Amino acid sequence: MQTVTLVGYLATVCSMSSFTPQAWKIIRTRETSGISAPTYAITVLGFALWLAFGIMKAEWPIIITNGVCLLLSAFILTMTVLPQAEKEAVAKAFDPDD
């Protein structure tokens, strides 16, 4: 495997997994007070634009990576702006044992 390909795969794994701990913490704690909604709004927009770019270029690595990152960051943003009761309901759907 070429070094450039390996670096690309590693970057993809890091990018896609970077939002998972935050999303899971929100599901477990239902706490989002320390999260900046404007920051996540910009992040979501950025991933949406990267996804559009990947689609226009027909570049599957860009499409997949940014599609997953868009979903995870949009989830975090959504949970940040939801009222507590709705946040509880969403988290319960993902973690019914809690």
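How do the residues of the lining of the largest pocket divide into nonpolar, polar and charged? They divide into 5 nonpolar, 5 polar and no charged; Ala, Val, Leu, Ile, Met, Phe, Trp, Tyr, Cys and Pro count as nonpolar, Asp, Glu, Lys and Arg as charged, and the others, Gly among them, as polar.

The model is predicted: local features need pLDDT of at least 70 and side-chain atom pairs pLDDT 80 or more, while totals for chains, interfaces and linings use all residues. Residues are numbered from 1 along each chain as its sequence is written, and side-chain values use heavy atoms, without hydrogens and water.

**View 1. The whole protein has 5 helices and 0 strands.** Helices (H or I, at least four residues) and strands (E, at least two) are DSSP runs, numbered from the N terminus. The C-alpha atoms fill a box of roughly 50 × 25 × 20 Å along the principal axes.

**View 2. The largest pocket holds about 200 Å³ of space.** Helix H1 (3-17) and helix H4 (60-81) each give two or more residues to its lining. Among the lining residues are Gly8, Tyr9, Pro61 and Asn66. On a 1 Å grid over the protein atoms alone, a pocket is an open set of points where a 1.4 Å probe fits, with protein on both sides within 12 Å along at least five of seven lines; lining residues have an atom within 4 Å of a point. Grid points are joined across faces, edges and corners, and the volume is the space filled by probe spheres set on the points.

**View 3. Helix H2 (residues 20-29) and H4 cross at roughly 35 degrees, their axes coming within 9 Å.** Axes are lines fitted to C-alpha atoms over the stretch in contact, and angles run from 0 to 180 degrees between N-to-C directions. The crossing is left-handed, that is, the near helix is turned anticlockwise from the far one by less than a right angle. Thr20, Gln22, Ala23, Ile26 and Ile27 in H2 meet Leu72, Phe75, Ile76 and Met79 in H4, where contact means heavy atoms within 4.5 Å. These residues divide into 7 nonpolar, 2 polar and no charged.

**View 4. Thr32 lies in the loop between H2 and helix H3 (37-57).** Thr32 is buried, with a relative accessible area of 7%. Not counting residues up to four places away in sequence, Thr32 touches Ile26, Met79, Thr80 and Lys87.

Conventions:
Buried < 20%, exposed > 50% of the residue type's maximum accessible area, 1.4 Å probe, protein only.
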